[in-house]
Amino acid sequence: HMDLKPENIMLDRSGNIYLIDFGAALFAGEKLSGYGTKNYASKKQAKTEERADIYFDIYSLGKTMESLLKATDAVQKIIEKCLIDDDAKRYHNIRQIQADFERILRICRMKKGFMVVIAVFCIQNLWNQIQREEKREKEEENNMKFLDAEFVKGFIRMANDGWEQGWHERNGGNLSYRVKPEEVEEVKENFEAREWNPIGTAVPNLAGEYFLVTGSGKYFRNVTIKPEDSICMIELDEKGENYRIVWGLVNGGRPTSELPSHLMNLEVKKLQDERYRVVYHAHTTNVIALTFVLPLEDKVFTRELWEMATECPVVFPSGIGVVPWMVPGGREIAVATSELMKKYDLAIWAHHGMFAAGFDFDLTFGLMHTAEKSAEILVKTLSMQPTKRQTITPDEFRHLAKDFGVTLPEEFLYEK
């Protein structure tokens, strides 16, 4: 046969056992044409100078029994004798194996044939293996259906974009998305609801909604390769005080540690405009660096970043808020940020990173990317000399705002 393994043994409803797949079979003495299956084929079978011999089937039968049987001492000795390399000590034909099994039968006062003994030993293990395989295949099928949804693809892409920018060292940063009702309908057949857990705050205006979020302690670099282990979908209860996972984090875990901040700010932005869906936090290198040298004031950061790239006043015309350093993950930073997000779409967490909100993944990522690039230009400028020789003036900003149809707050157009 040359390819004995569990997958090539079939059992029908009547208990009859069949050996299938004779594609690798050879006559004794023929030159070997293939290696067989890894973990079931003898190492000798890989040698091209070897020729077909019953030894290879005996070895593979031993490996097959080893993988399927919870062997007694007597059966284990049979398996070991199938696998031994010493020609003088191993079985030389199937009849010898059958004879040893029949001796076990006699000892056990059983009078059934060799194949029935194998079935008795194997059937439960085969059935358990089939059930495990069916469960795994169902889980994989459900994951693929979920991951094929466009909003999930967009989420994964944004997470990977941030990783490639270098904003997510180790398990840094987090991303959340407020899922649309029609998107929930698209994937809800894949849900398996788990236990309820407290959010740590109350967001009544988000009650009953679903969110796709990154996991606490999970790495952004793994979102593309292991999304089912790195992200999760959660449902909020009817009061907006508790959440439960309905998909993802298959190996355990919980949503991002910044979940209170994300939900409180999504609530604030939803009340402003229903179209807000995304909240994103990243460790943007150059912005963090600037929080050590610039005053932690909204007007200073807004004006400095506006000046460094002409597009900035158009991309974030309302400006940028600044939160002084606070312990991340707690209610204090969540409340402080949500107050700023009533006015801005972008906030800086001093010595920590940036926090952005937007209608979709592209707008939100673009918002943060633009601000971070402007910060990079400012860092490079300051590294050359401490002052700017020329820059964009307040009147020039006003002309820009008029041409692009945006409103720039006068509080940021002060004379330096």
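Is histidine 351 buried, partly exposed or exposed? Histidine 351 is partly exposed, because its relative accessible area is 32%; buried means under 20% relative accessible area, exposed means over 50%, and partly exposed is in between, with a 1.4 Å probe and protein chains only.

Before I go on, the source of the numbers. This is a predicted model, where local features need pLDDT of at least 70 and side-chain atom pairs count only at pLDDT 80 or more, while totals for chains, interfaces and linings use all residues. Residues are numbered from 1 along each chain as its sequence is written, and side-chain values use heavy atoms, with hydrogens and water left out.

Back to histidine 351. Its place is in the loop between β10 (346-349) and β11 (353-358). Helices and strands here are DSSP runs, H or I of at least four residues for helices and E of at least two for strands, numbered from the N terminus. The phi of histidine 351 is near 60°, a positive value in a residue other than glycine. Arginine 170 also has a positive phi, near 45°. Arginine 170 sits in the loop between α5 and β3, and it counts as exposed because its relative accessibility is 58%. As background, most residues other than glycine have a negative phi.

Next, the aromatic rings. The structure holds 14 aromatic pairs. Rings of Phe, Tyr and Trp (its six-membered ring) pair if their centres lie within 6.5 Å; planes under 30 degrees apart count as stacked, over 60 as edge-to-face, and the rest as tilted. Phenylalanine 151 belongs to helix α5 (residues 150-164) and tyrosine 177 to strand β3 (residues 174-178), so the pair ties together parts that are 26 residues apart in sequence. Both phenylalanine 151 and tyrosine 177 are buried. In another pair, tryptophan 349 and phenylalanine 355, the ring centres are 5.0 Å apart with planes at 25°, so that pair is stacked. Tryptophan 349 counts as buried at 1% relative accessibility, and phenylalanine 355 counts as buried at 0%. There is also an aromatic cluster formed by Phe146, Phe151, Phe155, Tyr177, Trp247 and Phe361.

Which residues does serine 261 touch, not counting residues up to four places away in sequence? They are Gly330, Ile333, Ala334, Trp349 and Phe355, where contact means heavy atoms within 4.5 Å. Serine 261 lies in helix α8 (residues 259-272) and is buried, at a relative accessible area of 0%.

Two charges sit over rings, by this criterion: NZ of Lys or CZ of Arg within 6 Å of the ring centre and within 35 degrees of the ring normal. Lysine 81 lies over the face of tyrosine 91, at 4.7 Å from the ring centre. Arginine 303 lies over the face of tyrosine 414, at 5.0 Å from the ring centre.

Now a helix pair. The axes of α10 (residues 298-308) and α13 (residues 361-384) come within 8 Å and cross at roughly 85°. Axes are lines fitted to C-alpha atoms, for helices over the stretch in contact, and angles run from 0 to 180 degrees between N-to-C directions. The two helices, α10 and α13, are therefore roughly perpendicular to each other; angles under 35 degrees count as roughly parallel, over 145 as roughly antiparallel, 65 to 115 as roughly perpendicular, and the rest as oblique. On the α10 side the contact is made by Glu304, Leu305 and Met308, and on the α13 side by Ala371, Ser374, Ala375, Ile377, Leu378 and Thr381. These residues divide into 6 nonpolar, 2 polar and 1 charged, with Ala, Val, Leu, Ile, Met, Phe, Trp, Tyr, Cys and Pro as nonpolar, Asp, Glu, Lys and Arg as charged, and the others, Gly among them, as polar.

Staying in α10, that helix also holds glutamate 307, which is buried at a relative accessible area of 6%. Leaving aside neighbours within four places in sequence, glutamate 307 is in contact with Lys388, Thr391, Ile392, Phe397 and Lys416. Glutamate 307 and isoleucine 392 are 85 residues apart along the chain, and their C-alpha atoms are separated by 5.6 Å.

Last, phenylalanine 292, in the loop between α9 (285-290) and α10. Phenylalanine 292 is exposed, with a relative accessible area of 57%. From phenylalanine 292 to alanine 350 is 58 residues in sequence and 8.0 Å in space, C-alpha to C-alpha.
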